[in-house]
Amino acid sequence: MSGRIAQSKAPELFGYVIRTAAAKTTTVRVARTTIHKILKKPVTWHTNFHAHDPNQVTVPGDYVRIDKTPKPISKIKSYKLGEIIRPAQRYVDEDGKLHTQAVDLKVWENMQRKAQAEKRAERRAEKEGE
C-alpha cells in the first residue's frame, strides 16, 4: 500500500438538511438531475448523506455544503458540514417552539396577519381616544 489517501469523486456536495435528530449528525438530501436514457427527459434523483455537525447549528430546511472527509468519522458518516449557504426561515411561536419547515410557513403567515390586525386595532383605539 502506497499510503496515499484516496480522493473522492465528489469532494463537496450541496443539499437541504432534512433531519437533525441524532446528536452531532445531520441528514442532508442531495439532488442530482440527469437525462433519462429512454424518455430523454430530465429526472431528479435524491440521495441522503449523513454529515458531522459538531456544533449542532443546522435545522431542517437549511441549504448547506458538505465536504468529504479523508477518513470516515463513523460507520455512516463520511462527510462534515462545510457551511450553511442559505439558512431556513426560522421563527418562534408563542409557546417557544422553533418552526423551520415550509409547511409551517402558512402558520407563520397567519400569525403575522393576526399581529398586524392587532396593531391596526391598537392604532384605531389610540386615535379614538385622542
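Predicted model: local features only at pLDDT ≥ 70, side-chain atom pairs only at ≥ 80, totals over all residues.

Visitor: OK, which residues gather in a patch of positive charge?
Guide: Lys-119, Arg-120, Arg-123, Arg-124 and Lys-127 do, on the surface.

Visitor: Where does Arg-120 lie?
Guide: Arg-120 is in helix 1, residues 105-129. Its relative accessibility is 41%, so Arg-120 counts as partly exposed.

Visitor: Switching topic: how many aromatic pairs does a search of the whole structure find?
Guide: Three. One of them is Phe-14 with Tyr-63, a stacked pair at 6.5 Å centre to centre and 20 degrees between the planes. Phe-14 belongs to strand 1 (residues 12-19) and Tyr-63 to strand 4, so this pair ties together parts 49 residues apart in sequence.

Visitor: And what about Phe-49 and Tyr-79?
Guide: Their ring centres are 5.0 Å apart with the planes at 65 degrees, so that pair is edge-to-face. Phe-49 sits in strand 3 (residues 42-52) and Tyr-79 in strand 5, so parts 30 residues apart in sequence are tied together.

Visitor: Is Tyr-79 buried or exposed?
Guide: Buried, because its relative accessibility is 7%.

Visitor: Which residues do ring pairs link into a cluster?
Guide: Phe-14, Tyr-16 and Tyr-63.

Visitor: Last one: where does Ile-76 lie?
Guide: In the loop between strand 4 (63-68) and strand 5 (77-86). Ile-76 counts as exposed, at 53% relative accessibility. Its C-alpha is separated by 9.9 Å from that of His-52, 24 residues apart along the chain.

Conventions. Residues numbered from 1 in each chain as written. Heavy atoms only, no water. Patch = residues over 30% accessible without salt bridge, like charges linked within 9 Å, V, L, I, M, F, W, Y side chains within 5 Å. Areas by Shrake-Rupley, 256 points an atom, 1.4 Å probe, with all protein chains shown as cover. Salt bridge = Lys/Arg side-chain N within 4 Å of Asp/Glu carboxyl O. Lys, Arg positive; Asp, Glu negative; His and termini not counted. Charge placed at Lys NZ, Arg CZ, Asp CG, Glu CD. Helix = DSSP H or I, 4+ residues; strand = E, 2+ residues; numbered from the N terminus. Buried < 20%, exposed > 50% of the residue type's maximum accessible area, 1.4 Å probe, protein only. Phe/Tyr/Trp six-rings, centres within 6.5 Å; stacked < 30°, edge-to-face > 60°.
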